[in-house]
Amino acid sequence: MSTGTSGGLLDNHDQHAQSVFKHEILRQYIKRFISMLGKTSKGNQVAILDGFAGRGRYPDGREGSAEFILKAAFDLAATRRVTSFFVEKNPEHFRSLQRVVREYTARGLDAHALHGSVQDHLNMVVRAADQIPLFLFLDPCGAVLPFEQLVAVLSGPRRHERPQTELLLNFSADLSRRVAGALEKGHTGQRVMDQTCGGTWWRDLAIEVRRSSTTQSFQEVADAIVTEYARRLAEATGMYSALAPVRKRLHHQPIYHMVFFTRSPYGLWVFGDAIGKAKVKWLQHLGRLEDDPVTDNVLFPLEEAFKSIIRNQERQAQKIVTENIKRLLQELGSFKVVTKTAEIFGDAYGTATESTVYRVLRELKKNNELAVIKDAPRLREQVIGLPY
Ligand SMILES: C[S@@+](CC[C@H](N)C(=O)[O-])C[C@H]1O[C@@H](n2cnc3c(N)ncnc32)[C@H](O)[C@@H]1O
């Protein structure tokens, strides 16, 4: 059990570090989704589905995913019209969710709390989002929706680049470890995992990874499964994917991965920035806990240790981004920055933020290592090239 500081405040609020990271990703991303995509959409409308919504707000008053979404919609209500759907199966959680949603509908938002299984409401939501951008947030405790159902939606009615569709889902590493462990013991009845993954490929992958693994842990299996899952879903739906591992503590195995899908390099860019910022917030949160010593030096306060980790991480991210941009300039001569999001962030995706990339671009320009070929107010819109 955590022995949080701040007068026990963190404990009382049961603010698990993994939720800090997940909610900060959502908080960072959702506002920009509404604002950016609602700028040019029909009637400035966007639709959002929170498919495993939970209570909306925790008993201690902290926001759950639903309230993060409702707050973002409310903050932007003057210029954007958000229709949001929140689905929850558990009756007690649903009653709490309904109360939270009603607070916001009373303030004029178009928001709907729906009882039951997300599977049963998905088609209605897709119909309601006809011609407008749609953001799907799926955050189950265990298995996410069957692969085929996601593919049917994303490569069916939502297959076009516009109106945009984006998906952020929670893929449980605990579940992957558990089913792979059971498989190794000779149990073969993991049908839920077959459905989630869209086939039995994960079984062969798990066996292969375990065979070549030198550790007792099933973490390599969990990583391999989620990576292949993201690749397959992206391929089947014509989308880009990005992964963010979510841990409870710095040196723990991930509890789950947040997996993001988009058809837009802008989506990848903004999501990369969101997870980079969320990681800093998570590290700051860990620095305020007392149960995760990252250093043997007891004279070095924990908060300082985490500040130093954050600084090192930023330095490392800047180094990686610098090398990536220099290599791209050599290879391509010139390019529009945002179109090369995956290549620019590279291994720093998850730690670098937009500010990291902008700092590198300014530094390279100052050192005459790049030239701006086509200027734009935002650096990510600029076309950059090698200086003459
Ligand atoms: C991890 S919790 C959600 C947490 C919430 N998204 C948040 O961040 O505050 C998962 C929730 O999904 C609900 N649930 C489980 N299966 C479901 C289903 N098929 N459809 C809708 N809700 C479901 C559970 O009752 C639980 O409240």
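Let's start with a helix: H4 (residues 91-105) lies across strand E2 (81-88) and strand E3, running at about 170° to E3. Helices (H or I, at least four residues) and strands (E, at least two) are DSSP runs here, numbered from the N terminus. The axes are lines fitted to C-alpha atoms, for helices over the stretch in contact, and angles run from 0 to 180 degrees between N-to-C directions. Contact itself is a matter of distance: two residues are in contact if their C-beta atoms, placed from the backbone, lie within 7 Å.

Before going on, two bits of housekeeping. This is a predicted model, in which local features need pLDDT of at least 70 and side-chain atom pairs count only at pLDDT 80 or more, while totals for chains, interfaces and linings use all residues. Residues are numbered from 1 along each chain as its sequence is written.

Now back to E2 and E3. Both belong to an open sheet of seven strands, and the order across it is E3-E2-E1-E4-E5-E7-E6, with mixed pairing. Two strands pair if DSSP finds at least two bridges between them. Which strands stand at the edges? They are E3 (110-115) and E6, each of which pairs on one side only. From one strand to the next, the twist averages 15°.

E4 pairs with E5 in the parallel sense, over five bridges, and Phe135 has Glu166 in E5 as its bridge partner. Next comes E5 (residues 165-172), which runs antiparallel to E7 and is joined to E7 by six bridges. Here Phe171 has His257 in E7 as its bridge partner. Finally, E6 (residues 240-246) and E7 are antiparallel too, pairing over seven bridges. If you find Ser241, look for its bridge partner in E7, which is Phe261.

How covered is E5? Eight of its eight residues are buried. A residue is buried if 20 or more other C-beta atoms lie within 10 Å of its own, exposed if 12 or fewer, and partly exposed in between, with C-beta atoms placed from the backbone. Thr165, Leu167, Leu169 and Phe171 point one way from E5, Glu166, Leu168, Asn170 and Ser172 point the other way, and all are buried.

Is Val151 buried or partly exposed? Val151 is partly exposed, because it has 16 other C-beta atoms within 10 Å. Leaving aside residues up to four places away in sequence, Val151 touches Ala236 and Thr237. Asn324, on the other hand, is 173 residues from Val151 in sequence and 33 Å away in space, C-alpha to C-alpha.

Time to zoom out. The domain assignment gives domain 1 (6-276) and domain 2 (302-385); such bounds come from an automatic or database assignment. The centres of the two domains, taken over C-alpha atoms, are 28 Å apart. Where they touch, ten residues of domain 1 are in contact with 13 residues of domain 2. On the domain 1 side, the elements that give two or more residues are E6 and helix H11 (265-287). H11 gives the most to that side, with eight residues. By class, that side has seven nonpolar, two polar and one charged residues. Ala, Val, Leu, Ile, Met, Phe, Trp, Tyr, Cys and Pro count as nonpolar, Asp, Glu, Lys and Arg as charged, and the others, Gly among them, as polar.

There's another open sheet to find, made of three strands in the order E8-E10-E9, with antiparallel pairing. E8 (334-336) and E9 (371-374) stand at its edges with a single partner strand each, so one side of each has no neighbour in the sheet. Ignoring direction, neighbouring strands of this sheet are turned by 30° against each other on average. E8 pairs with E10 (residues 383-385) over three bridges, and Phe335 stands opposite Ile384 in E10.

Last stop: the ligand. Which residues come nearest? Of the 15 residues around the ligand, they are Phe52, Gly54, Gly64, Ser65 and Asn90. A residue is near a molecule or strand if its C-beta atom, placed from the backbone, lies within 6 Å of it. By class, this shell has six nonpolar, six polar and three charged residues.
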